[in-house]
Amino acid sequence: MAKKLDLLQGTLDLLILKAVSLGPLHGYGVLLRIQQISGERLQIQQGSLYPALYRLEHQGLIASQWGESENKRKAKYYRLTAAGRRALQAETEYWDKMAGAIAAVLRATPEGV
Amino acid sequence: MLVKRFRSWLRATLQRRVVEREMDDELRFHVERYAEDLKRGGMERGEAERQARLEFGSVGQTKEACREARGADRLDSLLSDIHYGLRRLRSTPGFAGLAVVTLALGIGATTAVFSLVNAVLLRDLPYRDSERLVFLYEPIPGIPDVPLEAFGPVNGDFFTWQKQSRSFESMAMFTNNGLNASLGDAAFRATGSRVTGDFFRVLGVSPALGRTPDDADTQPGHERVVVISQPFWQSRFAGDRNVLGREMLLNARPYRIIGVMPAGFAFPHGTESLETTGKTTEIWVPWTMTPEQRASRDDNPGNAIGRLRPGVSLSQAQVEIAAISSRFDPPFQQQNRKPQGVVRPFDEEITGGSRRALLIFMAAVLLVLVIACSNVAGLGLARASGRAREISIRAALGASRLRLVRQLLAESLCVALAGGVLGMAAAFWIVRLLVDFHPANIPRIEETSIDGRVLLFTICVSLATAVFSGLFPAWSGSRCNLNETIKGSGARSVRSGASRLHSWLIVAEMALTIVLLIGSGLLIHSFLRLRSVDKGFASFRTVTMGLQLDGRYNSPQRQNEFFHTLVARVRAVPGVQEAAAVDHVPLGGGESISLIEVEGNPFDEKTSFESRSVTPRYFAAMGIPLLAGRAFDDGDAAGRTPVIIVSRSFERRYFPGRTALGKRVHATGWRTIVGVVADVRMRELDTTPPMQFYSPLWQTPTGSAVVVVRGTLPLERTASALRGLVRNMDAALAVADVRTMEQLISEASAERRFQTLVLTVFGGISLFLSLLGLYALMAYSVQRRTAEIGIRMALGAQPSAVMGLVLRQGATLWLGGIALGFVCAWSVTRWMRSLLFEVQPTDPLTFVGVAALFCAVAAMACYVPARRATRVDPVISLRYE
């Protein structure tokens with residue numbers, strides 16, 4: 001297994017928003033989906049997931065509902081709200097710009113300066 | 001967004017149990033699913049569950065973080081902290097009770113003093129836009145020792161100001177008088193004020209009934225009308241609404257009542273800066289002036305107030321008034337000096353000199369509060385180190401340091417709030433006590449009450465108290481070495497950081513107490529000095545009462561005749577030994593100051609003299625020693641050789657080493673000095689009397705005098721005898737201000753007595769508190785050192801040595817406190833110089849006395865724990881751990 005990457009500060013919220021934007025998920029599902037999409041490369045502290053979920057719900061970016069899980073058990077499902085969709089879009093753009101800018105800086109060569 | 005957050009917070013708060021259960025379910029679901037996945041991956045069941053739990057981390061911490069994320073945390077955890085805190089406090093009722101009572105004392109005293117400050121200094125005066133009100137004065141430069149307030153403008157200049165200035169919306173003049181009032185039966189004295197037409201408009205007060213006077217009412221020849229105060233209306237007319245139009249006699253002339261002022265309106269009496277007799281004005285009379293009187297620049301019978309136009313500042317008004325005044329002609333006596341105009345803020349004139357005393361009270365009471373807080377902090381420190389194990393366990397279970405501090409603070413919040421509630425109750429009681437004590441010279445003090453601002457203040461003080469008294473223990477308590485404490489070796493260390501902090505707290509507390517004690521000691525010393533000061537007169541068995549003749553006695557002969565007959569008749573009353581009359585009795589509130597020329601010396605306008613007009617037996621009746629020459633006698637009548645009697649310091653200043661007898665003085669004509677008497681403290685007890693002189697009343701007649709009676713009769717008998725005599729002579733005259741000289745002396749020292757009492761009470765409270773703190777520290781330290789003491793005793797230490805050990809430790813603390821307190825007191829007591837009398841701010845006697853007192857009681861506070869130390873049983877103490 002490849003060495004797992006620790007999450008950058010503040011990126012967990014973005015990942016959660018992205019994960020639930022693809023369809024309602026319960027907490028464990030969010031964890032699995034992020035790991036799955038990232039190709040098992042991102043390391044998420046399981047305990048830190050829930051405070052983040054609660055915070056996002058408190059901010060109104062995601063909403064929760066109790067439902068039934070794949071194995072017929074009661075589970076709490078999260079889905080993206082309209083506000084969450086806007087936030088995800090804004091955050092994604094911001095991330096792209098930031099990543100682009102940082103990548104540009106890191107690509108710099110003596111000749112280019 | 002905000003609404004959503006609020007709803008989420010509300011749900012989290014209100015449906016706490018549901019939310020908690022859901023959270024449990026959710027987290028459990030996660031762990032179980034993970035375990036299942038691990039099992040599916042080939043792990044053994046038990047191992048999978050263990051692994052899942054391990055990877056998830058602390059469920060408790062996660063839940064705590066979730067609660068925090070929901071926003072429910074703040075109130076929620078506060079509530080649970082408080083709940084837990086209360087439970088902890090209940091388990092140690094001794095600590096809780098002591099802490100609550102200590103804080104209640106501090107908060108109660110602080111609240112009480114603040115409510116005084118609030119009533120006297122902060123609360124708006126009961127006048128519309130009172131910040132726009134000002135006093136106006138016209139001082140004559142170069143006259144020393146005369147307060148600004150004595151310089152009301154002369155009539156002519158006032159009306160010029162009124163006409164020419166643009167800064168003022170309105171201006172008015174007023175006087176303070178006693179009035180002989182009568183409603184048909186016996187005459188009585190009422191406090192009155194003559195007011196010009198705009199008086200009520202300046203103050204912005206409307207009558208409760210009827211109308212206030214207007215300009216027409218001040219025209220000569222117009223019908224005489226008056227406005228009365230609400231209390232006067234209640235007491236004299238039983239609140240009858242038909243009072244309007246009723247007639248009353250004032251100074252033997254009929255007046256018609258046209259209005260009743262609202263309750264609480266009592267200006268100008270009770271104003272700190274004005275010489276007034278009585279605290280409230282009862283009757284306002286329109287001030288009728290002839291055109292000549294309006295233009296007069298010879299005397300200044302009244303004071304002036306004004307209302308600034310909106311947007312005009314005090315300094316703008318000051319500039320304008322000064323400019324107008326600079327165009328006035330100089331006053332007649334002082335051709336080389338220009339008159340001035342001075343504008344002063346109204347509220348400062350009302351409360352005057354009490355500001356300083358009140359601020360000193362406030363500072364003192366805040367010291368008491370700080371002492372109370374550090375006491376509770378000390379108790380908390382001792383308690384926190386006793387709880388080290390409990391706290392370490394909580395920390396080991398995942399409580400963050402902030403969480404621990406918050407939890408410990410919640411406990412002190414409980415204590416402080418309980419102290420606040422109890423303190424509020426105490427404040428009610430203290431305020432009642434203070435106002436009942438009735439410090440004569442603090443205006444508006446009777447308005448003191450607990451209002452919204454005081455309530456807010458108390459709440460803030462309680463919260464601040466919680467932080468101050470809780471932060472130290474919480475911070476030091478939450479700093480724990482997990483390993484050490486849980487292993488159990490933590491408690492064995494004899495001295496830890498916490499107990500050093502505790503010692504410092506107690507030393508600082510004792511130092512503050514020393515400062516307070518020295519402050520009150522200086523005041524007590526001053527007060528004792530004042531009590532024994534040579535007043536220049538003998539107060540024993542002397543009764544005084546005021547009489548004011550009215551316009552019917554319009555010639556010097558009639559005035560003289562009246563007082564001559566009255567004094568003769570009073571002297572004939574059985575039991576009366578001496579009787580006399582004087583224009584102003586010592587300490588009675590009136591003052592008369594003169595500029596005179598002494599033969600052989602150039603006229604000096606910078607030297608003023610206190611002057612009195614007296615009848616022949618005055619010095620005997622007042623017990624003023626005659627040092628040389630003779631007293632006045634009936635031969636010193638009007639039309640005879642003008643004579644004068646001077647004070648000892650007068651003689652020493654102008655005739656050093658010689659006699660003043662036979663020399664002449666120019667005061668309303670040349671007068672020959674026939675006697676020398678002792679210096680008398682006439683105005684105040686605590687100021688050295690200026691030079692004084694007396695003229696015979698018969699040669700300087702007056703319409704207003706105080707009768708002085710010395711005799712064997714009690715006060716009431718003397719008063720009723722005199723009332724009867726006056727009634728027989730003229731039923732329209734009223735006897736006022738019947739008081740013994742002892743009462744006048746007591747009134748003259750009332751303010752000082754009040755200050756001394758208040759500071760002494762504060763000093764006493766803080767002494768009690770800091771000794772309690774010292775006791776608690778020593779008791780705690782003995783308890784901590786039980787093992788050490790046990791070992792010492794097992795090795796053969798004598799009880800006396802053990803006691804010495806403890807006492808030495810205590811003595812180091814209290815001597816440190818005294819030393820530190822001396823240094824602080826040395827640097828701060830000079831701020832109270834103005835409150836002291838014949839005592840230096842660094843008075844060694846007071847310093848030493850306070851130190852001795854403190855040592856004695858501190859030794860007692862340490863003795864009890866020291867005794868307990870000697871009773872330590874080595875066997876038990878070594879097993880104690």
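In which hand does H15(B) pass H16(B)? The structure is a predicted model, in which local features need pLDDT of at least 70 and side-chain atom pairs count only at pLDDT 80 or more, whereas totals for chains, interfaces and linings use all residues. Residues are numbered from 1 along each chain as its sequence is written, and chains are lettered from A and ligands numbered from 1 in the order in which they are written.

The crossing of H15(B) with H16(B) is right-handed, a term that applies if the near helix is turned clockwise from the far one by less than a right angle, anticlockwise being left-handed. Helix H15 (residues 401-437) of chain B and helix H16 (residues 452-478) of chain B have axes that come within 7 Å and cross at roughly 145°; such axes are lines fitted to C-alpha atoms over the stretch in contact, with angles running from 0 to 180 degrees between N-to-C directions. Helices (H or I, at least four residues) and strands (E, at least two) are DSSP runs numbered from the N terminus. The contact between H15(B) and H16(B) comprises 14 nonpolar, eleven polar and one charged residues, where Ala, Val, Leu, Ile, Met, Phe, Trp, Tyr, Cys and Pro count as nonpolar, Asp, Glu, Lys and Arg as charged, and the others, Gly among them, as polar.

In strand S21 (residues 692-696) of chain B, five of five residues are buried, that is, 20 or more other C-beta atoms, placed from the backbone, lie within 10 Å of the residue's own. Gln692(B), Tyr694(B) and Pro696(B) lie on one side of S21(B), and Phe693(B) and Ser695(B) on the other. S21(B) pairs in the parallel sense with strand S16 (residues 609-614) of chain B over five bridges, pairing being assigned if DSSP finds at least two bridges, and here Glu610(B) stands opposite Gln692(B). Strand S18 (residues 643-647) of chain B runs antiparallel to S21(B) and is joined to it by two bridges, with Val646(B) as the bridge partner of Phe693(B).

Strand S6 (residues 225-228) of chain B is likewise buried on both sides, with Val225(B) and Val227(B) pointing one way and Val226(B) and Ile228(B) the other. S6(B) is joined by four bridges to the parallel strand S8 (residues 253-260) of chain B, where Arg256(B) is the partner of Val225(B).

Between the chains, 23 residues of chain B are in contact with 18 residues of chain A, contact requiring C-beta atoms, placed from the backbone, within 7 Å. On the side of chain B that touches chain A, H2(B) gives the most, with eight residues.

How values were computed: Two residues are in contact if their C-beta atoms, placed from the backbone, lie within 7 Å. A residue is buried if 20 or more other C-beta atoms lie within 10 Å of its own, exposed if 12 or fewer, and partly exposed in between; C-beta atoms are placed from the backbone.
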